[in-house]
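Here is a short briefing for a first look. Keep the sequence and the 3D view open while you read.

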Amino acid sequence: MLNHKKVNIFLLIIGIIIFIFLPHFVSGYWVRVITTIFMYAVISQGINLMSGYMGYLPFGNAMFFGVGAYITAIGMSKGLSFLAVLPLAALTAILVSILFGLPVLRLRGHYFAIATIGMSGALLSVVQNATEITGGAMGTTLPIIDKSPEVTYNYFYLAMLALMVITTLTIYLIIKSKFGFGIRSIKANEEAANSMGINTTYHKVIAWAISALFTSIAGALYAYWMSFIGPDEVFDIMIAVNTIVIMLIGGAGSILGPIIGAFVISLLSEVVWSTFLEYHLAVLGITIIIIVFFVPKGITGAIADFVKKRELRLRKKVSV
Amino acid sequence: MEENNIILTIKSLSKYFGALKAVDEVSFEVKRGEILGLIGPNGAGKTTITNVVTGTYPKTSGSIIFEDTDISNLKPYQIARKGLTRTFQVVKPLIGMTVEENVLVGSLYGRDKRNTDMKNASKRAREIIKLVGLESKKDSLVSDITLPDLKKMEFARVLAMEPEVLFLDEVMAGLNPAEVEEASILVKRVRREKELTIVYIEHIMKAVMGISDRIVVLHHGRKIVEGTPQEVVNNSAVIEAYLGKRYAREVNNEG
């Protein structure tokens, strides 16, 4: 058992090392594509914690991405350094999640999902109209890093990779902890969880704050990376929709699901986009429907089922 | 001395759903260490009392004193942490988790002021799984086990919370006579070992009579009788309301 664990950790470290050196072997275009994949994996991981593990689908999670991006943009335009503004962005997102979470997390199922969309829309409206602070619907610029584009892109690639690894590790540790059992119980049966001594409100609010924390850091990095952001772009509900699809395809409630999903969906979309330029959204949509239809538990779920079935078959053979 | 023996006092407790008086001015006391049977025909208000006492429903009026504090305005998780817990009439397993993980959640949370780090909690969960005889199923998903095993799992889960008072809401429902017998023996044994106080809500008369020290009978949301099993079955009001004359005769003949 311990050996098995050691092998897994070894494989993960090898994987991370390969990704660290990958930019030296691929074109700048692919470096940017993979940076985006890391970013989607982080956002999807935040949704996985809320939905895959706790059963609350946060359709409005893009608002934390937007908050992270805008606080970074505003702070840096006032002359703060990125590292100084980053904690500020994260803290603001956490505050927003707690403020919104306390009333909205009383709702269950679809009602919660819809309420978060409303909040995301409300925040977008505020950002669009507070022209003096945010630059309004025109968007806002950030200082550009004074280095060659190649160096800059590698820098963001590594930062996003680090964020993905830290996010995944943190959520893994949370899930294995007492708190993790608490939120998994909420997904399984909230009433039973409550009667077992689990403070469900506290668990839900904290889980959403953790989700907001990582999503907002992804937003902050994105803003600095792009050096120009617009409200429609960073508060776009499609950010949440895409990362929900990524979680479902990869495997909801599985720690590697969002990462695998992000790679599969993004690479699939690259292939589809380059082959069917005009119909790529339609083809991509149908492909996703087919995947969900045949692999409802996502890729990691299908692999787990396959391994389980094989083990059962082997056991039967042995007993015969 | 007498006062100290009372662990739970329910005083003029009422719960109305609109015009329906599901529980109407019910008062009774639960003594430390006893098994109190709570019986009554369908709709008598047994489960509603459980739901109000454990905080699932807010009360309409009255008070619930548990170890000198009024718990009638607390939330379910707060009441559970004080050491008063319940099982559900319709089992509520944590789907997607194994039997051991279900019991582990009870062990991790549950009553306050216990050592609840992962290692201790796992150890306690495994001990209790052994106690109720579910060891062979501990790694099965709860969606893969039978109803009797689910009930055992739920019993193990509340035991892992280390409560002082336990409301067992129709734990025998859906079990066949042999399984009822087995479950009764288990409940009695566990009560002795863990020094539990149990409020036992039941439909199956034979199980209640055999297991309870005292019985409270409810009818239409009101308490009609309170006493030993013998007193209760011989009481004319109970016979009229619930048991029927034939059952009373049988008991009398046996006695």
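How many helices and strands does chain A have? Chain A has 15 helices and two strands. Bear in mind that this is a predicted model.

**Overall form of chain A**
- The radius of gyration of chain A is 20 Å, close to the 20 Å that the globule rule gives for 320 residues, so chain A is as compact as a globular protein of that length.
- Along the principal axes, the C-alpha atoms of chain A fill a box of roughly 75 × 50 × 40 Å.
- Of the 320 residues in chain A, 44% count as buried.
- Take the contacts in chain A with a separation of 6 or more: residues 24 or more positions apart account for 77% of them.

**The nonpolar core**
- The largest nonpolar core has 158 residues.
- Ala218(A), Leu221(A), Ala156(B) and Tyr200(B) are the residues with the most contacts inside this core.
- Helix H10 of chain A (residues 200–226) provides the largest share of the core, with 14 residues.
- What does Ala218(A) touch, leaving aside its neighbours within four places in sequence? Ala218(A) is in contact with Met39(A), Val42(A), Ile43(A), Phe65(A), Gly68(A) and Leu163(A).

**Helix H13 of chain A**
- Helix H13 of chain A covers residues 257–275, which is 19 residues.
- From first C-alpha to last, H13(A) reaches 27 Å, close to the 27 Å expected at 1.5 Å a residue.
- Several residues of H13(A) are buried, among them Gly257(A), Pro258(A) and Ile259(A).
- Gly261(A), Ala262(A), Ile265(A) and Ser266(A) in H13(A) are buried too.

**A strand pair in chain B**
- Strand S1 of chain B (residues 6–17) and strand S2 of chain B (residues 20–31) run antiparallel.
- Eight bridges join S1(B) to S2(B).
- Lys15(B) stands opposite Val23(B), which belongs to S2(B).
- The hairpin of S1(B) and S2(B) has two residues between the strands.
- Gly18(B) in this hairpin takes a positive phi near 65°.

**Where chain A meets chain B**
- How many residues of chain A are in contact with chain B? There are 16 in chain A, in contact with 23 residues of chain B.
- Helix H8 (178–188) and helix H9 (190–195) of chain A each supply at least two residues to the side of chain A that touches chain B.
- H8(A) gives the most to that side, with six residues.
- The side of chain A that touches chain B divides into five nonpolar, eight polar and three charged residues.

Notes
Residues numbered from 1 in each chain as written. Chains lettered and ligands numbered in written order. Predicted model: local features only at pLDDT ≥ 70, side-chain atom pairs only at ≥ 80, totals over all residues. Core = buried A, V, L, I, M, F, W, Y, C linked by C-beta atoms within 7 Å. Buried ≥ 20, exposed ≤ 12 C-beta atoms within 10 Å, placed from the backbone. Helix = DSSP H or I, 4+ residues; strand = E, 2+ residues; numbered from the N terminus. Contact = placed C-beta atoms within 7 Å. Rg over C-alpha atoms; globule rule 2.2 N^0.38 Å. Pairing = 2+ DSSP bridges. Expected span 1.5 Å × (residues − 1). Nonpolar A, V, L, I, M, F, W, Y, C, P; charged D, E, K, R; others polar.
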